[in-house]
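Hi,

Here is the structure I promised to pass on. Please open it first, then read my notes below.

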Amino acid sequence: MSNDYVRKPEWLKIKLNTNEQYTGLKKMMREKKLHTVCEEAKCPNIHECWAVRKTATFMILGSICTRACRFCAVQTGLPTELDWVEPERVAESVETMGLKHVVITAVARDDLKDGGAGVFAETVRAVRRRNPFCSIEVLPSDMKGEYDNLKTLMDARADILNHNIETVRRLSPSVRARATYERSLEFLRRAKQMNAEIPTKSSIMIGLGETKEEIIDTMEDLRAKNVDIMTIGQYLQPTKHHLKVQKYWSPQEFEELKIIAMSKGFSHCEAGPLVRSSYHADEQVNAAKANA
C-alpha cells in the first residue's frame, strides 16, 4: 500500500454537539463502569448519536481486545476477568436512556473457551427482561469459528445478528488479525441456518485500496450466505500507527454502491462516508423488515 498521505475531503467534517444529553450519557457510562464502541473505536458519529438520537453501542467483556486488527483503535492486550454483573448494568443503562434499539458488541475474547458467548447471551436476556419493547442487535467477533458459541448467542434470540466482514477478500489478511474472510462468511451462513427468522447484517469499510469490482464481489459473497443488510462506510485512520487511507470515496460513489447493493437483493443498505456498522441501526432494521 502507498505511504502517501491523502488529504481528508470537506464532506468528512463532523458537527460536534456536546449538549447535556451527551455529557449526561458520558457520565452515566463512567458511573456504571461501562464501555461503548462509540468511544473506544473513536466513532465519528458519537456526538450525533449520543446528543441527538439518544443511542449508543455498548461494548461488553471489558475494553481490552485479544486481537490487534490494523484498522481498529480498541486497546489490545491481556483482558481482565469476566464481569457477570455487567449484563444487568447494561440493561439498567438501556432502561435509563429509554432506548428503542440497542446494539451490543464486544471485544474479541480469544482467551475464553466460549469466546464470551455466555456473558453476551446473558446481556441480551437482561436487556430483554428490563426493556421488553427495545429491539436488540448483537455484533460479535467470529468467536474463532466455534459454532457452539454462536449457538449460545443465537439461542438468546436477539432481533438481529451483525457480524462484520470488514474488507474485501484480497485485503483481509493485511487488515484483520486472526479473523478470515471465509470464516466470517461461514459464521454468517451458520447464523442464518440456526435461525432463519433473525435478520443478518454485515459491514465493510472502504478506502483501503480495494476496487469497485472487489466491493461488488463482496456484496455477492454476502448475498450468497443470505445476509439481509449491508453497511458501507469510509475507513478513517484512527492513529498514525494504523493503516493509512488509500482513497476517500465520494458521497456520489457511495450512493452508487448503495444502488448496486439493493440490486443484489439486500433488504437494506446504508452507505456513506460516515456510515458505521451501528449508525442509524434502528432505521436499518425497520427498513429491512419493511422490505422483507
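**What I found**

Aromatic pairs are another matter: the count is zero.

Keep in mind that this is a predicted model. The mean pLDDT of the protein chain is 81, and 69% of the residues reach at least 70. Helix 9 (residues 212-224) has the highest mean of the elements, 98. Helix 2 (residues 37-40) has the lowest, 54. Where pLDDT is low, the predicted coordinates should not be read in detail.

Now the core. In soluble globular proteins, nonpolar side chains tend to be buried together. Here the largest nonpolar core holds 64 residues. Val-102, Met-219 and Ile-232 touch the most other members. Helix 5 (residues 117-130) gives the most to this core: seven residues. Take Ile-232 as an example. Leaving out residues up to four places away in sequence, Ile-232 touches Ile-204, Ile-206, Met-219, Phe-254 and Leu-257, among others. Cys-269, Glu-270, Ala-271, Gly-272 and Val-275 are also on its list.

Last, helix 6 (residues 147-154). Which of its residues are buried? They are Tyr-147, Asn-149, Leu-150, Leu-153 and Met-154. These cover an arc of only 150° around the axis, so they lie on the same side of helix 6. They pack against helix 5, strand 4 (135-139), strand 5 (160-162) and helix 8 (181-194).

Best wishes

Key:
Residues are numbered from 1 along each chain as its sequence is written. This is a predicted model: local features need pLDDT of at least 70, side-chain atom pairs count only at pLDDT 80 or more; totals for chains, interfaces and linings use all residues. Side-chain values use heavy atoms; hydrogens and water are left out. A nonpolar core is a set of buried Ala, Val, Leu, Ile, Met, Phe, Trp, Tyr and Cys residues joined through side-chain atoms within 4.5 Å. Buried means under 20% relative accessible area, exposed over 50%, partly exposed in between (1.4 Å probe, protein chains only). Helices (H or I, at least four residues) and strands (E, at least two) are DSSP runs, numbered from the N terminus. Contact means heavy atoms within 4.5 Å. Rings of Phe, Tyr and Trp (its six-membered ring) pair if their centres lie within 6.5 Å; planes under 30 degrees apart count as stacked, over 60 as edge-to-face and the rest as tilted. pLDDT is the predictor's confidence in each residue, from 0 to 100. The arc is that of the directions from the helix axis to the C-beta atoms.
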